[in-house]
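Please read the following notes alongside the entry shown here. They are numbered so that each can be taken separately.

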Amino acid sequence: MKMAPPNLVNEPDGELPRRRCSRYRRRILEISQSVAALHIAPAFSCTEVVDTVYNELMKWKEDGSPLDVFIMSKGHGCMIQYVILEERGILERTDLETYCKPDGRLGAHPDYGTPGIAAATGSLGHGMGMAVGMAYAEKLQKNSSKIYLVLSDGECQEGSTWEAAMMAGNLKVDNLTAFVDYNDFSGLDRMSESHPAFHPLVDKFRSFGWDAVEVDGHSQLDILSGAQRPHSARPLAVICKTVKGKGVSYMENVPIWHYRSPNPEEYAIAMQQLQDE
Amino acid sequence: MRNRFAEVFYSLGCADPRMCIVVADISPAGSIARFRQEFPDRFINTGVAEQVMIGMCAGMALRGLRPFAYTIATFTLYRPFEFVRDDLCYQNLPVTIVGIGGGVTYSTLGATHHAQEDIGIATALPNMSVLAPCDPDEVEAATRWCAQQKSGPVYLRLGKAGEPILTKGADPWQYGKIRYLQRGSDVCILSYGSIMKIAREVASRCEALGKTVSLASVHTVKPLDVASVVDALQRHSNVVVIEETGPVGSLGNSVKALAWEAGARCHIVAFGLKDAFIHCYGNHDELLSAHGLSVDAIMNRLSL
């Protein structure tokens, strides 16, 4: 079925969002030069997804705080969240500069209590349960806030993700949208090879009472089309086909970049590639 | 205990629309069933799925509700342990985890249903408060406190049903404070939870031997009322701890450590469950007895 074109609130032609994501990736690389290791590839994988949620989907109050809720269930991808929160003025520049430093307040996983962080994550398989509780609470209290959740495909191997997904279907929390960063890599293996029964993901969500759609996870237009799909009385899963390490040629689909900082030469190449985009 | 919890939860829940109960496929007792009928949106059954029971409670608390998770004690703590730790304790959320059948209450169901190390596990968690009322009146006081507190997660350890009232005329219940049910000067018995009925009998037997006996409910196992424990150690020549939990993380071990630090000169004997799975399928008292927790066995070990 051909869907109606989505309403891209900020940047209708898609050029500025692309530049925005290049900027976010470069900022993450900058930070990588002050720490021995950080999760670059998992953040680059979901850069367009998180960008779309923050800059296109979420509603904001006049004071700059969000009306909706964002949970980074794949907590190790939080660098992209940090740089967007920095751009929005919710985190300070000094926060990013003291990332993983003893005098800083940002660690390698999001921490509840940090400005802009709605839930502590890091251990995989926790975000879905909390998101279902939040979505149910919003409905119970007759609030209109939406809950946006970003999961890794690897954490869809956790039983707890499916316990909670089943409850989301039972409770019909249609104010919950889950994006799966479907890059086909868990920490160790390419999942399509190591765990072929993991697929298909869209059908699994549908059979658990969700509406589900697969999109190109590096196209904001496509992500937005999926997220704006009507899904009355069902939660919505947007399965985003992505490339781990997207944007830097030598990082794409290379497992070592799950958790590593580039050396100065690698850094220069990566910055050049992202400059050219 | 279960019924009193249900009655109190019902009355508080009628008045406070933030109160919710999230169960994992356990039949709601008494007034909880009534709560379900009258407020179906605030009674959530996750089915046989304890991880989402805890995860949902965290999410609900993060959005302003006051959820209680409720099921058999082993399934509130052991199955979803990392969710209790990360979602509730790490984020320090005001969620009450109600564990029914703490200790070896479900004696005939085997060790899969025995929360015989729940105190050690729950007290090991940062930010977690652990409340173990000894009778229905303490259940009521503890439940009221849980419903209004904002400080963090609580493990509320209950027995089952039919426990006698043991605290009539005692000092008022206060979170974090030892509560004397009676005061004497020779022996001080510290206990908590439904095994208090054995502690009460031990007190009577000691009195029959001519001793004056203090009996205190340590209903708040964490945070422990350290000052009052030290005071008890200094005021009595014999201190006896009686609890229904294994040795690791037990009150008995804490009391001994405090005695050492305080330089207390009293004699201390601690009674608890053995660090063992016992394949005995008798009633609750019979299983306690197999663990060495009977009035006679305790009296035999006390040299008064």
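Which residue ranges does the domain assignment of chain B give?

1. Domain 1 of chain B covers 2–157 and domain 2 covers 179–301; such bounds come from an automatic or database domain assignment. The two centres, taken over C-alpha atoms, are separated by 26 Å.

2. On the basis of these notes: this is a predicted model, in which local features need pLDDT of at least 70, side-chain atom pairs count only at pLDDT 80 or more, and totals for chains, interfaces and linings use all residues. Residues are numbered from 1 along each chain as its sequence is written, while chains are lettered from A and ligands numbered from 1 in the order in which they are written.

3. Confidence. Chain A has a mean pLDDT (the predictor's confidence in each residue, from 0 to 100) of 93, and 95% of its residues reach 70 or more. In residues 1–7 of chain A the pLDDT is below 50, and this stretch has six contacts in the model beyond near neighbours in sequence. Where pLDDT is low, the predicted coordinates should not be read in detail. Two residues count as in contact if their C-beta atoms, placed from the backbone, lie within 7 Å.

4. Overall form of chain B. Twelve helices and twelve strands make up its secondary structure; helices (H or I, at least four residues) and strands (E, at least two) are DSSP runs, numbered from the N terminus. The radius of gyration of chain B, 19 Å, agrees with the value near 19 Å for a compact globule of 304 residues; that radius is taken over C-alpha atoms, and the globule rule is 2.2 Å times the number of residues to the power 0.38. Of the contacts in chain B with a separation of 6 or more, 76% join residues 24 or more positions apart.

5. Between the domains of chain B. Here 25 residues of domain 1 are in contact with 26 residues of domain 2. On the domain 1 side, α6 (118–123), β5 (129–131) and α7 (136–148) of chain B each supply at least two residues, and the largest share, four residues, comes from α6(B).

6. Between the chains. Chain B and chain A each bring 21 residues to the contact. On the chain B side, α3 (50–62) and α5 (81–90) each supply at least two residues, with the largest share, nine residues, from α3(B).

7. Nonpolar core. The largest one has 176 residues, and V132(A), L149(A) and I189(B) have the most contacts inside it. A core here is a set of buried Ala, Val, Leu, Ile, Met, Phe, Trp, Tyr and Cys residues joined through C-beta atoms within 7 Å. A residue is buried if 20 or more other C-beta atoms lie within 10 Å of its own, exposed if 12 or fewer, and partly exposed in between, with C-beta atoms placed from the backbone. The largest share of this core, nine residues, comes from α3(B). Not counting residues up to four places away in sequence, V132(A) touches residues including L171(A), V52(B) and M56(B).

8. Helix α4 of chain A. In this helix, residues 78–87, nine of ten residues are buried, among them C78(A), Y82(A) and E86(A). Their cover includes α1 (15–32), α3 (47–57) and β1 (69–72) of chain A. After α4(A) comes G89(A), with a positive phi near 80°.
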